[in-house]
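Here's a quick briefing to read alongside the model. Have the sequence and the 3D view open as you go.

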Amino acid sequence: MNQDRTAELTPFTIDLTFEEARRRAEVVAALGPDWDPVGALRSENEAYALLYSGLDAEQQRTYDRLVAAGVLPDEGPGRAAAH
C-alpha cells in the first residue's frame, strides 16, 4: 500500500500579495470617508503628553529611567518602545 497518493490531491494556490491588498482596502473602506489619520495621530500624541504631564519629581525620575531602559518610548519621532 505504498502507492503515490499525490495524484489524488487537488492543487490549491493563493496569491498572498493580492489578498493582503484586498484586506487593506477593506480596512480603509471600513474606516469610512471621515477617517483622518493625521488627526488621529495628533490626538494620540496629545493623549500621550497628557498622560505623562504633571509628574512629581519622583515620578519624573521613574519615567526617565523607564525611557532610558527602553520600556517606555521617548518623545522622539516614531515613539515606540525598544522592547
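Predicted model: local features only at pLDDT ≥ 70, side-chain atom pairs only at ≥ 80, totals over all residues.

Residues are numbered from 1 along each chain as its sequence is written, and side-chain values use heavy atoms, with hydrogens and water left out.

**Overall fold**

- The protein chain has three helices and zero strands, with helices (H or I, at least four residues) and strands (E, at least two) taken as DSSP runs numbered from the N terminus.
- Going along the sequence, you read the pattern α-α-α.
- Of the 83 residues in the protein chain, 7% are buried; buried means under 20% relative accessible area, exposed means over 50%, and partly exposed is in between (1.4 Å probe, protein chains only).
- The protein chain's accessible surface is about 7600 Å², and 57% of that belongs to carbon and sulfur atoms. Accessible areas come from the Shrake-Rupley method with a 1.4 Å probe, and for residues only the protein chains shown count as cover.

- From first C-alpha to last, the 16 residues of α1 reach 23 Å, close to the 22 Å expected at 1.5 Å a residue; the expected span is 1.5 Å times one less than the number of residues in the helix.
- Asp15 caps the N-terminal end of α1, with a side-chain oxygen 3.1 Å from the backbone nitrogen of Thr17. A polar contact is a pair of N or O atoms within 3.5 Å; within protein, one must be able to donate a hydrogen and the other to accept it, and residues adjacent in sequence count only if both atoms are side-chain atoms.
- After α1 comes Gly32, with a positive phi near 85°.
- α3 has 12 residues and covers 16 Å between its first and last C-alpha, close to the expected 16 Å.
- At the N-terminal end of α3, the cap is Asp56, which puts a side-chain oxygen 3.2 Å from the backbone nitrogen of Glu58.
- Gly70 follows α3, and its phi is positive, near 85°.

**Salt bridges**

- The structure has three salt bridges, each being a side-chain nitrogen of Lys or Arg within 4 Å of a carboxyl oxygen of Asp or Glu.
- Arg22 and Glu19 meet at 3.0 Å, N to O. They sit three residues apart in helix α1 (residues 16-31), so about one helical turn separates them.
- Arg22 is partly exposed because its relative accessibility is 41%, and Glu19 is partly exposed at 25%.
- Glu20 pairs with Arg23 at 2.7 Å, N to O; these two are three residues apart in helix α1, about one helical turn.
- Glu20 also pairs with Arg24, at 2.8 Å, N to O, and here the spacing is four residues in helix α1, again about one helical turn.
- An α-helix has 3.6 residues a turn, so residues three or four places apart point the same way.

**Aromatic rings**

- Searching the whole structure turns up two aromatic pairs. Rings of Phe, Tyr and Trp (its six-membered ring) pair if their centres lie within 6.5 Å; planes under 30 degrees apart count as stacked, over 60 as edge-to-face and the rest as tilted.
- Tyr52 and Tyr63 make a tilted pair, 4.8 Å centre to centre with 40° between the planes. This pair links distant parts of the chain: Tyr52 is in the loop between α2 (37-51) and α3 (57-68), Tyr63 is in helix α3, and they are 11 residues apart.
- Tyr52 counts as partly exposed at 25% relative accessibility, whereas Tyr63 counts as buried at 9%.
- Tyr48, Tyr52 and Tyr63 form one aromatic cluster.

**Nonpolar surface patch**

- Val27, Val28, Leu31 and Trp35 form a nonpolar patch on the surface, with about 350 Å² of accessible area together. Patches are made of residues with over 30% relative accessible area and no salt bridge: like charges are joined within 9 Å, nonpolar side chains (Val, Leu, Ile, Met, Phe, Trp, Tyr) within 5 Å.
- Val28 is found in helix α1.
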